[in-house]
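Hi there,

Here is the structure I promised to pass on to you. Have a look at it first, and then read my notes below.

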Amino acid sequence: MTDPEDREQQADITRRMLDYLNAPVAEHCRLRGVLPAPGAVRIAVRAGDEGHSMDLLYEIPLDTVTPYHVPGLLRTVLSGLQLYSNSDIGEVMGMTLIRLRPQEIVPDPEPEAGRALTVVRALSGPGDDEDPFLIGFLMRGEGLLRLYVQRPDRPGVIGVDIRLTEAPATALLASVGGLLGEQQYRRPAPDDPHCDLLVDLTDW
């Protein structure tokens, strides 16, 4: 792997897949590893239970799918019957290698918890005078997430309501710090003792 863009994509996919070391990728399917390959990433999965399992290695071309969609792609292929041609099957390091064609697969949508994790992780770095510091969160159901943030230069905790979308809300996350001061989004928070005021960004 020599292409810097491939390296960045590979690193991004590796970071996104770390969460599946503690939780199944799909029912009875556990992550075993993320491996680099020329122009592709290979995801190692153990499918089955203790007594009856097999190790699979799914190869995904880097130029056909964004890192964000890799977990959904894997959930799709691991959750239903898939047919592969002989040319897409091989063996590597004792694992069955399966070369995927992502353009022919509809990725399974990210579950609400996964979308919340993407948002929380994006905002969980240390804050500064421009960016708020995430100090808590609450998944509220129906695709809503409340973030609890505090600006280092001001007292008080601000609750920020956002809607969890299918694709990462990159523009919104980058704008949260600036939107906290805009009066049009501010609301009282009488039912939430954990914040001093509420900023409603659900329709942003």
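**What I found**

Four bridges join β4 to strand β5 (residues 95–99), and the two run antiparallel. As background, strands of a sheet pair through backbone hydrogen bonds, either parallel or antiparallel. Here, two strands count as paired if DSSP finds at least two bridges between them. Helices (H or I, at least four residues) and strands (E, at least two) are DSSP runs, numbered from the N terminus.

Before going further, please keep in mind that this is a predicted model, where local features need pLDDT of at least 70 and side-chain atom pairs count only at pLDDT 80 or more, while totals for chains, interfaces and linings use all residues. Residues are numbered from 1 along each chain as its sequence is written, and side-chain values use heavy atoms, with hydrogens and water left out.

Now for the sheet. It is open, with five strands in the order β1-β2-β3-β5-β4 and mixed pairing. At its edges are β1 (29–37) and β4 (89–92), each of which pairs on one side only. From one strand to the next, the twist averages 30°.

Two helices pack on this sheet. Helix α1 (residues 4–17) touches β1 and β2 (40–48), and its direction makes about 170° with that of β1. Helix α2 (residues 70–79) touches β1, β2 and β3 (53–61), and its direction makes about 135° with that of β3. Such angles run from 0 to 180 degrees between N-to-C directions, with axes fitted as lines to C-alpha atoms, for helices over the stretch in contact. Contact means heavy atoms within 4.5 Å.

Leaving aside neighbours within four places in sequence, T76 is in contact with Q82, I105, V106, P107 and D108.

Finally, the whole protein. Its secondary structure comes to four helices and ten strands, running α-β-β-β-α-β-β-α-β-β-β-α-β-β from the N terminus on. The C-alpha trace spans about 60 × 40 × 25 Å along its principal axes. Of the 204 residues, 41% are buried.

Enjoy exploring!

Key. Buried < 20%, exposed > 50% of the residue type's maximum accessible area, 1.4 Å probe, protein only.
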